[in-house]
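Subject: Structure for your review

Dear colleague,

My findings follow it, and I would be grateful if you read them with the structure open.

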Amino acid sequence: MRLGLKILMVLALSLAILVPLTMIRGVIAERQAYRMQAVHGIARSYAGEQSFAGPVLVVPYTRTVEVEEKDDRGVARKVKREESGQWTFFPQSLDIAGQLRPGVRRLGLHEVRVYEWQAHAQARFDVRIPQDKSPQDGSAQAPRRIGKPWLSYSIADVRGLIGSPRLRVNGADMALEEGMGSQEGAGVHVRLGEPLAGQVFALDTRLDFVLGGTESLALVPLGKNNRFAVESTWPHPRFGGSFLPRVREVGPKGFNAQWEVSSLATNAQAQYLAGKHLPVLDGDAGTDEAMQVVGIDAVGLSLVDPVNVYSQADRASKYGMLFVLLTFIGFFMFELIKQLRIHPIQYVLVGLALAIFFLLLVSLSEHIAFGWAYLVASVACIGLLGFYLSAVLRSVGRGLGFAAMLTTLYGALYGLLVSEDNALVLGSALLFVILAAIMLVTRKVDWYQLAGARAATAV
């Protein structure tokens with residue numbers, strides 16, 4: 001009976017330790033939210049996540065049409081009205097390439113990755129301006145009046161433009177203007193000369209520019225044939241969006257990625273005409289979440305921190321209950337086998353010491369490298385528990401044995417954290433080994449005899 005009560009007590013104390021563990025996970029989430037605020041704060045003063053689309057050729061026109069309207073007395077009559085419209089043309093070929101120069105800005109304790117993208121966008125247009133249609137019924141129809149067309153480039157955050165971009169159209173320098181012409185949206189544009197109806201409009205354009213941004217960049221494949229190339233010295237890129245690179249090389253000295261996208265493989269042109277907004281990469285660059293594109297189809301990349309302290313600490317805290325449970329099981333076995341009496345308060349103190357490790361980990365990792373923070377926090381907690389348990393278990397050897405067990409657990413946990421791709425299989429193997437060890441140690445234990453002996457000792 002007393003054995004059953006002791007088991008229930010151990011289970012109840014294990015569940016009680018969930019309260020401080022949950023509070024610590026809340027602190028980790030709160031600190032991660034502070035980091036996101038730092039990212040947004042730097043984005044407000046520098047430039048946010050960037051998206052680039054274009055160029056697009058827009059040709060406006062106005063025509064006079066006859067419509068039938070009723071006057072105040074209900075009599076129908078024909079009146080002439082001017083109707084405005086525009087044709088939108090996309091490039092036959094689009095080639096965007098550039099060097100992404102990474103940097104780091106700090107806000108308080110938090111580091112935010114920024115970049116300057118020194119790039120060029122080359123495009124070729126080969127379009128024919130539509131001719132006026134001859135009326136089928138023989139009635140007279142006024143021809144369309146074609147206005148001044150414009151080339152427009154969409155940029156998510158134009159504050160990121162550094163210096164003066166240089167645009168050349170058919171080899172001639174053109175002065176850029178802010179905005180998207182008569183369209184809504186952020187970007188730059190240039191006005192061109194008025195074409196004639198039925199004229200073939202052939203344009204070769206090149207825009208050289210430097211664009212600053214924060215953490216991620218998205219490029220929209222608006223051409224019939226699209227080629228994108230981005231290289232950088234940042235060694236930890238994450239590729240996402242609607243298309244992955246066709247060729248990519250990633251190494252300690254940086255990365256080089258190339259995309260080739262056909263208009264047959266994307267709805268970007270139709271989405272642009274429908275007024276869909278520029279793409280945003282959904283997924284924090286500092287987390288393990290995959291990046292998805294929200295908005296127009298695009299290719300995307302982010303400059304990733306390979307060791308995000310908050311996501312690593314959050315993953316580590318998920319194993320906190322396992323640490324507490326294993327330690328309590330060890331205590332329980334010592335109580336039964338060695339006939340030691342361990343007070344519930346001693347269980348609670350040890351459980352709190354195990355929980356405090358995760359709080360130490362996240363607080364130290366904000367100031368020093370994650371590996372060193374993990375080492376300092378684990379040495380502090382293992383040292384404290386080894387010293388305390390030497391007295392609780394009435395033996396320095398037993399205290400050192402528990403410290404060695406915790407050292408193995410913390411070492412295995414660190415291996416799980418740094419090996420993201422193999423975390424599941426390593427975690428499963430660890431649990432299997434622990435269970436096998438417990439079964440091996442207790443395989444010859446007579447639990448009925450131990451329970452009876454403990455009851456007799458209590459009497």
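Is Arg 206 buried, partly exposed or exposed, and what is its relative accessible area? Please bear in mind that the model is a predicted one. Arg 206 has a relative accessible area of 25%. Buried means under 20% and exposed means over 50%, so Arg 206 falls in between and is partly exposed.

Salt bridges

Arg 206 forms a salt bridge with Asp 208, and their closest N and O atoms are 3.1 Å apart. Asp 208 is likewise partly exposed, because its relative accessibility is 21%. Through salt bridges with shared partners, Arg 168, Arg 206 and Asp 208 belong to one network.

The count of salt bridges comes to 8. One of them joins Glu 215 to Arg 113, with 3.2 Å between the closest N and O atoms. This pair connects distant parts of the chain: Glu 215 lies in the loop between β11 and β12, Arg 113 lies in strand β4, and the two are 102 residues apart. Both Glu 215 and Arg 113 are buried.

Another salt bridge is formed by the side chains of Arg 124 and Asp 204, at 2.9 Å from N to O. Here strand β4 supplies Arg 124 and strand β11 supplies Asp 204, 80 residues apart. Arg 124 counts as partly exposed because its relative accessibility is 34%, and Asp 204 is partly exposed with a relative accessible area of 38%.

The side chains of strand β13 (residues 225-232) alternate. Phe 228 stands opposite Ile 96, and its bridge partner in β16 is Trp 259.

Helices

Helix α4 (residues 309-317) is mostly covered, with 8 of its 9 residues buried; among them are Tyr 310 and Arg 315. Helix α1 gives the most to a nonpolar surface patch, with 4 residues. The patch consists of Leu 5, Ile 7, Leu 8, Leu 11 and Leu 325, with about 430 Å² of accessible area together.

The chain as a whole

The protein chain holds 10 helices and 19 strands. Of its 459 residues, 43% are buried.

Yours sincerely,
A colleague

Terms used
Residues numbered from 1 in each chain as written. Predicted model: local features only at pLDDT ≥ 70, side-chain atom pairs only at ≥ 80, totals over all residues. Heavy atoms only, no water. Buried < 20%, exposed > 50% of the residue type's maximum accessible area, 1.4 Å probe, protein only. Pairing = 2+ DSSP bridges. Patch = residues over 30% accessible without salt bridge, like charges linked within 9 Å, V, L, I, M, F, W, Y side chains within 5 Å. Areas by Shrake-Rupley, 256 points an atom, 1.4 Å probe, with all protein chains shown as cover. Salt bridge = Lys/Arg side-chain N within 4 Å of Asp/Glu carboxyl O.
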